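The structure itself is shown first.

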Amino acid sequence: MNQTAQGSTTTVVRRRQRGDADGWYAGAEEHLDAANALIQVSRLVQGIHARTAERHHLTQVQAKLLCALAFGPRGMLELAQLFGVEKAALTGLVDRAERRGLVTRSPVPGDRRALSVTLTETGRRAAFAFHAAATEELNRLMSPLAPRQGEQFRNAMAKIIAGSEVPPASKQPA
């Protein structure tokens with residue numbers, strides 16, 4: 001893929017077989033601008049996430065929950081915000097994960113209405129196994145890039161992520 005300025009297009013030859021769900025076949029050309037390239041990469045990453053979750057007998061949402069809790073407990077409100085759902089919807093997800101022995105809920109000291117969610121040992125093992133398998137697949141996705149291209153890609157993604165940080169509601173201009 002050529003290095004191009006934002007907004008220009010690059011011709012990409014996709015290696016797909018005739019009859020793929022998206023209609024592309026080997027040798028088909030697609031002209032990608034930056035937005036379409038990000039959408040295509042997002043689709044590939046989401047596919048890896050879905051297949052890896054399935055291989056580990058997790059739903060995609062359970063896998064996301066385990067990853068969110070891998071570095072320590074989180075409150076229900078924080079998790080609801082992370083998932084972009086109401087606390088009631090998150091309660092069902094946590095209920096199912098708790099029944100599977102992946103997480104536990106415990107009261108937050110000093111706030112009798114708040115609950116904290118923590119991985120169990122089974123949940124930690126599942127989170128680690130899922131993360132290791134997903135990382136392996138994602139690294140394989142990056143394998144067509146030369147080392148310098150991989151470094152440039154990581155730097156570009158870091159800039160995009162840092163630039164997309166939205167300040168908390170209390171700090172946003174009115």
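The points below concern charged side-chain pairs and their surroundings.

1. The model is predicted, so that local features need pLDDT of at least 70 and side-chain atom pairs count only at pLDDT 80 or more, while totals for chains, interfaces and linings use all residues. Residues are numbered from 1 along each chain as its sequence is written, and side-chain values use heavy atoms, with hydrogens and water left out.

2. Eight salt bridges are present in the structure; the term denotes a side-chain nitrogen of Lys or Arg within 4 Å of a carboxyl oxygen of Asp or Glu.

3. One of them joins Arg 105 to Asp 95, at 2.3 Å from N to O. Arg 105 belongs to strand β4 (residues 103-108) and Asp 95 to helix α4 (residues 87-99), so the pair ties together parts 10 residues apart in sequence. Helices (H or I, at least four residues) and strands (E, at least two) are DSSP runs, numbered from the N terminus.

4. Arg 105 is partly exposed at 23% relative accessible area, and Asp 95 is likewise partly exposed at 26%. Buried means under 20%, exposed over 50%, and partly exposed in between (1.4 Å probe, protein chains only).

5. In helix α5 (residues 121-142), Glu 121 and Arg 124 are three residues apart, about one helical turn, and form a salt bridge at 3.3 Å, N to O. Glu 121 is partly exposed at 44%, as is Arg 124 at 42%.

6. Glu 121 also forms a salt bridge with Arg 125, with the closest N and O atoms 3.9 Å apart. These two residues, Glu 121 and Arg 125, lie four residues apart in helix α5.
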